Amino acid sequence: MKKKATEVRIKILFIGENPDLPLLSALQHVGYEAVVCESPQKARVVVSAFRPHLVIVHLRRPADVATLQECHLLADGIPIVVATSVPGYETVMRALEEGATSFLFLPLEAAKIKKVVDDLLASQA
């Protein structure tokens, strides 16, 4: 009797006030399991039980980059992706300096999100 291979579902912790619903919908549509927390403080409770493969931090304004320091400590080696619709690269550069692994400019198609996440996780393996 052959055993079926168990497929591991990628878990993503999404941190941000008023989460971007199209982004969350896209993540779930391509098969990721996503949990939302409004802040890094609330995410602390979730991280140990949920054990995400990736953290996405939604930055709505340039000042939100400051939350990345907390997210970086919280993630403890888990890749952090910044998702933003803030125009220009200054916010992205600051986010990368604060420990972000990668970034996504919103809005974005589900297929593009999947490619970025899959490539990032493959490079971490």
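In the predicted model, helices α2 and α3 are roughly parallel to each other, because the angle between them is about 10°, below the 35 degrees under which helices count as roughly parallel. Helix α2 spans residues 40-50 and helix α3 residues 67-75, and their axes lie 10 Å apart. The contact is formed by Pro40, Gln41, Ala43, Arg44 and Val47 of α2, which meet Thr67, Glu70, Cys71 and Leu74 of α3. By residue class, the contact of α2 with α3 comprises five nonpolar, two polar and two charged residues.

Cys71, one of the α3 residues in this contact, is buried, at 1% relative accessibility. Cys37 is likewise buried, with a relative accessible area of 5%. No disulfide is present in the structure. The cysteine sulfur nearest to that of Cys37 belongs to Cys71, at 9.9 Å. This separation is too far for a bond, because a disulfide requires the two sulfur atoms to be within 2.5 Å.

The protein as a whole contains five helices and five strands, which follow one another from the N terminus in the order β-α-β-α-β-α-β-α-β-α. Its radius of gyration is 14 Å, close to the 14 Å given by the globule rule for 125 residues, so the protein is as compact as a globular protein of that length. Along the principal axes, the C-alpha atoms fill a box of roughly 55 × 30 × 25 Å. Of the 125 residues, 41% count as buried. Among contacts between residues at least 6 apart in sequence, 59% join residues at least 24 apart.

Methods: Residues are numbered from 1 along each chain as its sequence is written. This is a predicted model: local features need pLDDT of at least 70, side-chain atom pairs count only at pLDDT 80 or more; totals for chains, interfaces and linings use all residues. Side-chain values use heavy atoms; hydrogens and water are left out. Buried means under 20% relative accessible area, exposed over 50%, partly exposed in between (1.4 Å probe, protein chains only). Axes are lines fitted to C-alpha atoms, for helices over the stretch in contact, and angles run from 0 to 180 degrees between N-to-C directions. Helices (H or I, at least four residues) and strands (E, at least two) are DSSP runs, numbered from the N terminus. Angles under 35 degrees count as roughly parallel, over 145 as roughly antiparallel, 65 to 115 as roughly perpendicular and the rest as oblique. Contact means heavy atoms within 4.5 Å. Ala, Val, Leu, Ile, Met, Phe, Trp, Tyr, Cys and Pro count as nonpolar, Asp, Glu, Lys and Arg as charged, and the others, Gly among them, as polar. The radius of gyration is taken over C-alpha atoms; the globule rule is 2.2 Å times the number of residues to the power 0.38.
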